[in-house]
Amino acid sequence: MSTPTSDLTERYAHALMNTFGPPKLALVRGEGTHVWDEHGKEYVDLLGGIAVNSLGHAHPALVAAVTEQLQTLGHVSNFFTTGPQVELAEKLLALLGGHDGKVFLANSGAEANEGAFKLTRRTGRTHVVAAEGGFHGRTMGALALTSKAAYREPFEPLPGEVTFVPYGDVEALAAAVTDQTAAICLEPIQGEAGVVVAPDGYLAAARAIADEHGALLWLDEVQSGVGRTGEWFAHLRHGVVPDVVTLAKGLGGGYPIGAVVGLGRAADLLQPGNHGTTFGGNPVACAAALAVLATIEGEQLLEHVTVLGQKVRDGLAADPRVTEVRGEGLLVGLDLVSETAAQVVEAAQHAGFIVNAPTPRRIRLAPPLVLTDEDAAAFLAAWPGILDAAGV
Ligand SMILES: *Cc1c(COP(=O)(O)O)cnc(C)c1O
């Protein structure tokens, strides 16, 4: 399984900070769900830039929207507004159910969560309850809400006061939330933990607990939102209305953008001077997001994602070396019988498929929402051989 040496990865090692470890490949081109590396080898991209490339690579609608907007008006600062910015905010509110609300536009998931964290402080309270296994990003605030010790400890002290509770445990949540709690911060599906889905009733219980104590319910849909699960937002299936929703990854289809949505009383907690951003809400990013949303609607991708996601999960579960398959739509996680996830990633890559190992025993797939039946079938056909090659 030796890979030809790469000029780019060698130069990377000298020029880029070693925050991610060595890159697995140097990629030069993408089209649809396929990408090509610098040696001309083709891959089916089943990770989609970690749930980002909703429309795959180089989708004509996204390319046209970004190109046209950049040719028309690329950036104006937040002293001014633009059509795409207002249109995107209105569209997000409509897709979230048409409740009264307001949007703050940012550039990434961590930034969206940072903004939401600041928003919660404007309640006059500072305590936040978040979940073990959760991931909210790498800025100091987002990190403060992320439980993983290896991420946190090198940077402590982090902003307080955050209490972590086991994910999915209603009693633990009820015990942790008090009348001093500003917000409960949860992902409807914990992506970085390996696609751990909220048990039925958990988000509704969180809503009730938040209401009982006057706390905000903040759902981080940075990974699970924007059609990924076959719903516009993963929480919609649970029938809850959150106070705050944060979005990013899939929203721009590869163009960086993040959003904080405040519903009801959360809409007006941030006031002039409380928060800001230079790039956030710039018209090119907003045009990209509008193109993503319009294409999900126009190509009826929610239905496609629901049907194909189920096929993929069923196919993966058929191999006895897979002990559990989880997920909704095209956010898929599975457990292997052994700690061989890294070997599976490598064997898959060798076979021409890009997948990801969020933990030593777990594989995650978050392919473009436009994944074709053919590409999914090709992966499922290759799957047992990949597990053989990885020695699972
Ligand atoms: C990826 C992710 C983030 C962080 O987003 P960045 O754009 O990497 O800053 C936050 N929350 C969740 C749930 C994520 O999956």
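**Domains and their contact**

Modeller: The centres of domain 1 and domain 2, taken over C-alpha atoms, are separated by 26 Å. Please keep in mind that this is a predicted model.

Colleague: Which residues belong to domain 1 and which to domain 2?

Modeller: The domain assignment gives 7-58 + 300-390 for domain 1 and 73-298 for domain 2. In the contact, 27 residues come from domain 1 and 28 residues from domain 2.

Colleague: What area is buried between domain 1 and domain 2?

Modeller: About 2,300 Å² is buried there, and carbon and sulfur atoms give 57% of that area. On the side of domain 1, L302, E328 and L331 supply 30% of the area buried against domain 2, more than any other three residues.

Colleague: Why quote an area for an interface?

Modeller: The accessible area lost when the parts come together is often used to give the size of an interface.

Colleague: How many salt bridges and polar contacts are there between domain 1 and domain 2?

Modeller: There are two salt bridges between domain 1 and domain 2. Residue pairs in polar contact number 15, with both residues at pLDDT 80 or more.

Colleague: Which elements of domain 1 touch domain 2?

Modeller: Elements that each supply at least two residues to that side are the helices α2 (48-51) and α11 (301-317), together with the strands β13 (322-328), β14 (331-336), β16 (356-359) and β17 (362-365). The largest share, four residues, comes from α11.

Colleague: How do the residues on that side of domain 1 divide into nonpolar, polar and charged?

Modeller: The side of domain 1 that touches domain 2 has 15 nonpolar, eight polar and four charged residues.

Colleague: Turning to helix α8, is V170 buried or partly exposed?

Modeller: V170, which is in helix α8, counts as partly exposed because its relative accessibility is 34%.

Colleague: What does V170 touch?

Modeller: Not counting residues up to four places away in sequence, V170 touches Y202, A205 and I209. V170 and A206 are 36 residues apart in sequence, and their C-alpha atoms are 7.3 Å apart in space.

Colleague: And A175, buried or exposed?

Modeller: A175 also sits in helix α8, which covers residues 170-176. With a relative accessibility of 64%, A175 counts as exposed. The C-alpha atoms of A175 and I209 are separated by 9.5 Å, and the two residues are 34 apart along the chain.

**Around helix α12**

Colleague: Where is Q349, and is it buried or exposed?

Modeller: Q349 is in helix α12, residues 341-350. At 14% relative accessibility, Q349 counts as buried, since the cut-off for that term is under 20%. Leaving aside neighbours within four places in sequence, Q349 is in contact with K24, L25, K41 and Y43.

Colleague: What about T340?

Modeller: T340 lies in the loop between β14 and α12. Its relative accessibility is 8%, so T340 counts as buried. Its contacts, with neighbours within four places in sequence left aside, are P360, A390, G391 and V392.

**Backbone details**

Colleague: Where are cis peptide bonds found?

Modeller: One joins E156 and P157, with omega at about 5°. Another joins G160 and E161, where omega is about -20°. P157 is found in the loop between α7 (149-152) and β6 (162-165), and E161 also lies in the loop between α7 and β6.

Colleague: Which residues have a positive phi without being a glycine?

Modeller: Among them are A58, with a phi of about 55°, and V195, with a phi of about 65°. A58 is located in the loop between α2 and α3 (60-72). V195 has its place in the loop between β8 (189-190) and β9 (196-197).

Colleague: Is V195 buried or exposed?

Modeller: V195 is buried, because its relative accessible area is 0%.

Conventions
Residues are numbered from 1 along each chain as its sequence is written. This is a predicted model: local features need pLDDT of at least 70, side-chain atom pairs count only at pLDDT 80 or more; totals for chains, interfaces and linings use all residues. Side-chain values use heavy atoms; hydrogens and water are left out. Buried means under 20% relative accessible area, exposed over 50%, partly exposed in between (1.4 Å probe, protein chains only). Domain bounds come from an automatic or database domain assignment. Contact means heavy atoms within 4.5 Å. Buried area is the accessible area (1.4 Å probe) that two parts lose on being put together, summed over both. A salt bridge is a side-chain nitrogen of Lys or Arg within 4 Å of a carboxyl oxygen of Asp or Glu. A polar contact is a pair of N or O atoms within 3.5 Å; within protein, one must be able to donate a hydrogen and the other to accept it, and residues adjacent in sequence count only if both atoms are side-chain atoms. Ala, Val, Leu, Ile, Met, Phe, Trp, Tyr, Cys and Pro count as nonpolar, Asp, Glu, Lys and Arg as charged, and the others, Gly among them, as polar.
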